[in-house]
Amino acid sequence: MVTSYRFDVPRLVIAAPSSGSGKTTVATGLMAAFSERGLAVSPHKAGPDYIDPGYHALATGRPGRNLDAFMCGPELIAPLFAHAAAGCDLAVVEGVMGLYDGAAGRGELASTAQVAKLLRAPVVLVVDASSQSRSVAALVHGFASFDPQVRLGGVILNKVGSDRHEVMLREALEEAGMPVLGVLRRAPQVATPSRHLGLVPVAERRADAVAAVAALAEQVRVGCDLDALMALARTAPALACEAWSPATALTRSRGAAADPAPQTPEGLEPSASSAFEARGVGGSAPGKRPVVAVAGGPAFTFSYAEHAELLTAAGADVVTFDPLRDEALPEGTTGLVIGGGFPEVYAPELSANEPLRKAVARFAEAGGPVAAECAGLLYLARSLDGKPMCGVLDADARMSERLTLGYREAVAVSDSALAANGTRLRGHEFHRTVIEPGAGAAPAWGFTHPERRVEGFVQQGVHASYLHTHWAAEPSVALRFVEAAAARP
């Protein structure tokens with residue numbers, strides 16, 4: 001029997017009319033300012049973003065968690081939130097894009113508004129007021145009235161130019177009956193640097209990032225009414241749901257494995273060259289606890305906290321290594337996870353670490369299970385921007401002028417250490433690189449939406465793809481991977 005729990009964690013969703021309004025500034029500053037008050041703050045980010053949660057973690061001392069209703073499904077948003085926020089004094093959720101923007105062509109799916117409704121959380125709208133005065137009231141009124149189920153509890157005005165400008169904005173919002181919970185002046189000194197895929201991750205600028213977060217906390221502490229914001233957060237009603245847990249998710253995944261396997265859609269047939277099942281990988285070795293090495297460091301910063309939790313719950317010892325500095329895989333490695341990040345920025349340094357490149361190649365050639373996403377795909381290639389990489393894949397990668405961005409619906413078309421043929425997952429692509437060829441003889445995924453194509457590589461124990469996935473949506477992939485790692489001699 002499933003037990004229902006009530007979670008009374010105060011919570012706020014920080015949203016905006018559009019990207020670039022200052023959500024990250026305000027959300028991170030609030031997290032840091034409330035943490036400085038001695039509160040345990042649970043940080044969250046709506047959508048698939050990996051970089052903002054790094055700043056959230058720095059501000060709170062807790063892992064930044066993503067709430068993605070497209071990749072995980074709306075039904076997992078509250079359970080994942082409850083898993084992360086249990087025992088905290090406050091939870092702050094930074095939104096994605098504009099308040100009502102979600103997955104293209106899917107209505108409210110994966111929007112900040114949907115997440116706020118699923119969490120029954122009040123919304124604070126961050127408005128870039130730099131080029132408006134009384135019109136701010138019309139803008140806020142529209143966002144407040146668009147969906148009656150979204151409770152807009154107040155506004156924080158960002159990039160306000162002067163005292164006079166502030167007075168005009170406050171007067172207009174008073175007419176509209178909307179509380180002003182904060183006013184932030186233009187402060188370029190606390191801006192965080194960006195590049196081709198967004199903000200520069202914390203791991204690449206640790207000292208500067210610490211200083212930036214401290215400055216954001218000071219700006220928010222001076223410009224925002226923290227007491228009023230906390231009072232608003234406490235108006236969130238109790239959330240009734242079962243908190244997600246990796247152990248329970250894996251137990252249910254084992255039960256689901258007894259059901260008939262899903263069929264591959266017509267036109268995306270499984271590759272005949274996949275020999276995964278023939279090699280017997282996927283069986284567990286009783287009494288053996290495998291070591292799963294996870295790439296980290298400045299070049300590989302993209303990961304969801306739930307992945308390591310699922311790997312651990314499935315029986316693995318998870319050990320992090322840095323491909324920029326470590327010349328060997330962790331001792332006893334029987335499984336290798338190389339997630340996303342910015343290998344293109346560090347291509348010369350990654351290439352210069354020849355001992356590790358060769359170690360990764362030997363591990364893959366010996367049939368070791370490898371799960372590589374995006375940056376991991378590039379690292380396994382023969383070359384990246386002309387610099388030698390691991391050479392596991394007979395493919396070459398390079399930077400591109402074109403940004404590939406968007407949600408994908410995918411089905412596994414080759415049996416691998418990560419996914420059985422027919423496994424369906426929703427994921428996200430986000431890169432400004434290309435790899436040629438884009439798929440191997442045994443592709444990793446067949447995309448069914450928004451376009452139909454095959455992508456990625458499955459060979460021996462390697463599963464490599466551009467697609468970022470969230471394993472909480474399909475815990476069987478973590479279980480399957482650990483079983484493959486445990487089967488290694």
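Colleague: Which residues does Leu119 touch, not counting residues up to four places away in sequence?

Modeller: This is a predicted model, and within it Leu119 is one of the three residues, with Leu157 and Leu229, that touch the most other members of the largest nonpolar core, a set of 118 residues. In general, nonpolar side chains in soluble globular proteins tend to be buried together. Leaving out residues up to four places away in sequence, the contacts of Leu119 are Arg11, Leu67, Ile77, Ala78, Phe81, Val93 and Leu239.

Colleague: How many residues are in the second, separate core?

Modeller: Apart from the core in which Leu119 lies, there is a second one, and its members include Leu356, Val370, Ala372 and Phe457. The number of residues in this second core is 39.

Colleague: Which strands are the edge strands of the open sheet?

Modeller: The sheet is open and has seven strands with parallel pairing, in the order S4-S3-S5-S2-S6-S7-S8. An edge strand pairs on one side only, and this holds for S4 and for S8, which spans 180–185. On its paired side, S8 runs parallel to strand S7 (residues 152–160) and is joined to S7 by four bridges, with Val160 having Arg185 as its bridge partner in S8. The edge strands are therefore, by pairing on one side only, S4 and S8.

Colleague: What angle does the direction of helix H8 make with that of S2?

Modeller: Neighbouring strands of the sheet are turned by 25° against each other on average, with direction ignored. Helix H8 (residues 226–233) packs on this sheet, where it touches S2, S5, S6, S7 and S8. Between the direction of H8 and that of strand S2 (11–15), the angle is about 110°.

Colleague: Why does the pair of Tyr100 and Phe143 count as stacked?

Modeller: Ring centres must lie within 6.5 Å for a pair, and planes under 30 degrees apart count as stacked. The centres of Tyr100 and Phe143 are 6.0 Å apart, and Phe143 itself is buried, with a relative accessible area of 17%. The pair is stacked because its planes stand at 25°.

Colleague: Which residue has its charged end over the ring of Phe70?

Modeller: Phe70 also forms a stacked aromatic pair with Tyr407, at 4.3 Å centre to centre and 25° between the planes. That pair links distant parts of the chain, 337 residues apart, since Phe70 lies in the loop between strand S4 and helix H3 while Tyr407 lies in strand S18. Both Phe70 and Tyr407 are buried. The charged end that sits over the ring of Phe70, 4.5 Å from its centre, belongs to Arg426.

Conventions:
Residues numbered from 1 in each chain as written. Predicted model: local features only at pLDDT ≥ 70, side-chain atom pairs only at ≥ 80, totals over all residues. Heavy atoms only, no water. Phe/Tyr/Trp six-rings, centres within 6.5 Å; stacked < 30°, edge-to-face > 60°. Helix = DSSP H or I, 4+ residues; strand = E, 2+ residues; numbered from the N terminus. Buried < 20%, exposed > 50% of the residue type's maximum accessible area, 1.4 Å probe, protein only. Lys NZ or Arg CZ within 6 Å of the ring centre and 35° of its normal. Core = buried A, V, L, I, M, F, W, Y, C linked by side-chain atoms within 4.5 Å. Contact = heavy atoms within 4.5 Å. Pairing = 2+ DSSP bridges. Axes fitted to C-alpha atoms, helices over the stretch in contact; angles between N-to-C directions.
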